[in-house]
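Visitor: Could you walk me through this model, one question at a time?

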Amino acid sequence: MKKIIMFSGINKEEGFTLSQTKELSRLVETGLSISFITSDFYDNEKNDLMVDKLIKFFKDISIRFNKINIIDCRTNKEESKEIVKNSDIVFLMGGDPKKEMSYINEYDLAKILLDRDGITIGVSAGSINMAKDVIYRDEDENKTMIRYKGIGLTDICIYPHLDFKNIDYLKEIFEVSKLQKVTALPDKSFIVIENSEVNYINEHYDVDNNTIDIKGYPYEEINHTGTIDLETNRLLLRKTTKQDFEEFFFIQLNPKLRKYLGPTKLGNNPEKSIKYFDESAYENKDYYRWSIVKKEDNKLLGTVYLTMHDKKAKTAGIDYWIREDEWGKGYTTEVSRRIMKFAFETLELNRIESCGAKDNTATWKVMENIGLKYEGTRPKSYFYYYGGIQDMREYGISREEYLEEIK
């Protein structure tokens, strides 16, 4: 079975990272044979030093080999072919990719590497040469664009050693991508291919035709229900009707209520105000507004909103008001507690957060009554059309905190 590991880099001082160690320990048994194909067949001293260091790195993660071979000028072509053919593991070393590939071709090793079963490991230049089509910009002063046929173990052409701090290197990757798609890998990232199944370990970035694919962090969608009927012991919560809206006009004329009803001017004419009622808003599954009605006598008390703040973070705020002649009876606390239960248990939101003017004691007392935690005061941070600039007290509670409290 073919197993391919394409390392971008291996730390020259510390050896394999935890993720590299995990995959190598899974794929490589101890006691196998390994052959190292060097990038410069005539730099024997350097080759021996690099192989010794790699063998030490393998020993550090408890992988030992029963036979170790180095493919360079000290082995002739026929010997090299036989060694590669019979090795359990072939390790393509780093260095100059084109030079390494020229030696592979000179020794007729490409087809053997392509056809053999077993494990093939590459690092940097070695990983580059695993591709069917290789492309990169040379490090010479002319920055020559290099293209040639690789071994063909994969269609993935990697660009190793990605470093987002190196702007010139980023520009190089984008230039190369105009000619061929490349996969840029930071040094801690690598690719494992087993039976043609590709697994990217740590982040990778496909760059194709001058365009990079940067994936955002995944998030869960909110399972919205829209405004559904809810109830408490004393109250019904239902969609707001046109008749409710007409009644709200007169309730909100009260200066004590109006003072903290938002940053914009409210209506001053009942016939004009009703034109702003939009029943079609309820067609949106993420719209939550309820009228608050007493069960006892069907009296309309006010309204409560669950306002989505960040759909990806799954956060929302609870906003409410009720008529003054029903203040002090615990209705707002009762309603808000029910909305919080709906938010956390039905919609499975992550957090409820609300704020109230520092001088509007009744509002933030409700937040405390339902379990929201005080998180600080933002001085002069909000303008109320009828109340002016106010200091705002911030409150919040997470789903985990809520669930812990209701145990």
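This is a predicted model: local features need pLDDT of at least 70, side-chain atom pairs count only at pLDDT 80 or more; totals for chains, interfaces and linings use all residues.

Visitor: Which residue in strand 18 stands opposite T303?

Guide: Strands here are DSSP runs of E with at least two residues, helices are runs of H or I with at least four, and both are numbered from the N terminus. Two strands pair if DSSP finds at least two bridges between them. Strand 17 (residues 300-310) and strand 18 (residues 315-322) run antiparallel, joined by eight bridges. Opposite T303 stands W321.

Visitor: In the hairpin of strand 17 and strand 18, which residue takes a positive phi?

Guide: That hairpin has four residues between the strands. The residue with a positive phi, near 60°, is K314.

Visitor: And which residue of strand 17 is the bridge partner of V293?

Guide: Strand 16 (residues 289-294) runs antiparallel to strand 17, with five bridges joining them. Their hairpin has five residues between the strands, and N298 takes a positive phi near 65° there. The bridge partner of V293 is L300.

Visitor: Which strands stand at the edges of the open sheet of four strands?

Guide: The sheet has mixed pairing and the order 8-9-12-13. Each edge strand has a single partner strand, so one side of each is left without a neighbour in the sheet. Those edges are strand 8 (158-159) and strand 13 (211-213).

Visitor: How much space lies in the largest cavity?

Guide: A cavity is a set of points on a 1 Å grid over the protein atoms alone where a 1.4 Å probe fits but cannot get out, and lining residues have an atom within 4 Å of a point. Points are joined across faces, edges and corners, and a volume is the space filled by probe spheres set on them. The structure holds one cavity of 30 Å³ or more. The space in the largest cavity is about 40 Å³.

Definitions and conventions. Residues are numbered from 1 along each chain as its sequence is written. Side-chain values use heavy atoms; hydrogens and water are left out. On a 1 Å grid over the protein atoms alone, a cavity is a set of points where a 1.4 Å probe fits but cannot get out, and a pocket is an open set with protein on both sides within 12 Å along at least five of seven lines; lining residues have an atom within 4 Å of a point.
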